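Please read these notes with the sequence and the structure open beside you. Each numbered point takes up one part of the structure.

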Amino acid sequence: MVNFLSRRIFYAIATLLVVSAVVFAIFSLLPFDPAALTCGQKCTDQIIAGNRIKLGFDKPLYIQYALFLSGIFFGRSYGTGSAAFECPAPSFGYSFNENACVTDLLREALPVTVSLALGALILWLIVGISLGVIAARFKNKWPDRLSSIFVLLGTSLPTFVTGLALLIWVTIKWKLVPLSLTGYTPLIENPFKFVQFFILPWITLAIAYAALYTRFTRAAVLETLGEDYIRTARAKGVKERTVLFKHTMRAVFAPIITLAGLDFAGLIGGAIITETIFNLPGLGRLTLRSTFEFDLPVVLATTILAASVVITMNLIIDMLYAVLDPRVRI
Amino acid sequence: MAELLKIENLHVAFPTDDGLVRAVDGVSFTLNEGETVAIVGESGSGKTVTGLSVMGLHKRGSAQVSGSINLKDGDRSLDIVTASDEEIRLLRGRAVAMIFQDPMSSLHPYYRIGNQLAEGYALHNPGKKKEGLKRAIEMLDLVGIAEPAERANEYPHQFSGGMRQRVMIAMALMNSPRVLIADEPTTALDVTVQAQILILLAKLQKEFNMGILLITHDLGVVAQVADKVSVMYAGRIVEQGSADDVFYKPKAPYTLGLLKSVPRITTHGSERLKAIPGQPPSLINLPTGCAFTDRCEFASHAAGDICATKRPELLGTYPAHLSRCHVLESTRDSLFVKELKEVRS
């Protein structure tokens, strides 16, 4: 167990180093001057030259990378004298476009994205698994047919269509959910407003994923129902309901959890379309904006964050698997 | 000897897109206390479907079952074919239990052995969950698993194939059923383990005074343990009698073919293994005549083309030894004895 963990953490750190180095290299090779992007239209050569030195863009690439890495652990200060400012550890650099430390930008955006992803995850797991089980239980009967229509719609409608449709009908035409003007409210502050703010984005994301999970659960349940050990359970005299909800679902949960973990991790990287449609100040929108504005420190930070979430999630799933499946020992 | 199971004129058919698959076509036999009845036949002959019918494990809607399967339960008797799902469920694992061919996949990989055994006990003895685990450990001990209390806490993947089949047997016997259906219980096991399992089954049969319905394609196994044998071909019983009769005085050409194709240790290296030529007929389009005609080397001994046109009935000079064949029984007797002598010499 300790051996497994230390090996996995070592690999995780190595992967993150490679990811950050590649992103760093890509942006440095782009044909524009990062220093020139730090000020607006009224830039003079002197300001650009000053910023170049202040942000360390004058140094060789490997030193810039080393400075970036040391910033994560020790924080980083820019400039000298009265103009000096500091981004404390963990620092991912300074965004001139936003005039803020990148870490602070992430700190604002992350809760929004996590709330979005977590709420959607819960919703699509409930809907997807229930529909999948029902479809499998009534295979080829009308509940199965109905659910396959849902699967077809959910998988073929892009999120920008469902999102916009929900926004137009539910918010604007039927006025069921008010258009949020106050913006993001944390759950602890006002749970009601929190749900109001997120309900449509949750549904938008959940529809797409629930469709996939319905199909996946249906297939997994049907496959498991055909297993020999299910026949054994029936031969013992186990009730059909228990066969389905205990013996079958026990075997179906492990692969579903794997899938859910990976999908969740992917969403933390940014549900760009959903966040853009509903104007959510999350990581997806931050990534999109920073990419268009060549805001290198922010792009670098969001990429590393997304990569580390995926890596961590993989590790968690592997450990969870050992708990769920007695055949797996780590 | 009390009659435990009486199957009469059992038909099982499965509707498919290509047509009706007649898997079992008019099967009848009885199983008494302390007796082992073997059903022998090749793959697709309807042996397992017959066994599953007794368990009532065919899905309504996907299988058409007719005839009668009377199973003794205490002092009453219930017809599985007409009983309700719930009535059958209450019989399963209590009055009749089944062990399956592949012990590797027949145990749930995620549950502890002890709990899997106890579940069957608790189902039929409501409110006795704790006794279930105690009983499970007793049964594991009975089927020869060392340190049963510790092993009950383990998972199926921690057991070897032979040990898993012992677990399956222990699970089947949790509620001391009167009838045990063993569907190819030794097929997936090593030869040395096969013998252990058969000896164990025989020992437990005596102890519980069970009737065992042994489904197998292995004639060696039949010879060792069966009292009565029914040979099945294309969903029908083609020969039925005591094990001795069927082995030493076979009356159906198919049975003779099976006996002749048993490999012998005396066979010379260059000699080819004997096989029955051809393939069994499709169960969707069964021939109007005898289903074995195309593969039968004795069809010419029958009158005219009766083999191809008329379905033979299960008949015999002795009511305890029946067979399905148009060739005169006396003609067959003399022909078959000669053939067997050649093979067995």
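1. A:Lys175 has 10 other C-beta atoms within 10 Å, so it is exposed; the cut-off for that class is 12 or fewer. Bear in mind that this is a predicted model. A:Lys175 sits in a loop of chain A, between α6 (159-173) and α7 (191-225).

2. A:Lys175 can also be placed relative to A:Leu29. Along the sequence the two are 146 residues apart, and in space their C-alpha atoms are 49 Å apart.

3. A helix of chain B gives another case of burial. Helix α6(B) covers residues 161-172, which makes 12 residues. From its first C-alpha to its last it reaches 17 Å, close to the 16 Å expected at 1.5 Å a residue.

4. Is α6(B) largely enclosed or largely open? Of its 12 residues, 11 are buried, so the helix is largely enclosed by the rest of the structure. A residue counts as buried when 20 or more other C-beta atoms lie within 10 Å of its own. Among the buried residues are B:Gly162, B:Met163, B:Arg164, B:Gln165 and B:Arg166, and the list also includes B:Val167, B:Ile169 and B:Ala172.

5. Within chain B, strand β1 (residues 3-16) and β2(B) run antiparallel and are joined by 11 bridges. B:Thr16 stands opposite B:Gly19, which belongs to β2(B).

6. The last point is the contact of the two chains. How many residues does each chain bring to it? Chain B gives 23 residues and chain A gives 17 residues. On the side of chain B that touches chain A, α2 (85-91), β6 (96-99) and α3 (113-124) of chain B each supply at least two residues. The largest share of that side comes from α3(B), with 4 residues. By type, the residues of chain B on this side divide into 11 nonpolar, 7 polar and 5 charged.

Key: Residues numbered from 1 in each chain as written. Chains lettered and ligands numbered in written order. Predicted model: local features only at pLDDT ≥ 70, side-chain atom pairs only at ≥ 80, totals over all residues. Pairing = 2+ DSSP bridges. Contact = placed C-beta atoms within 7 Å. Nonpolar A, V, L, I, M, F, W, Y, C, P; charged D, E, K, R; others polar. Expected span 1.5 Å × (residues − 1).
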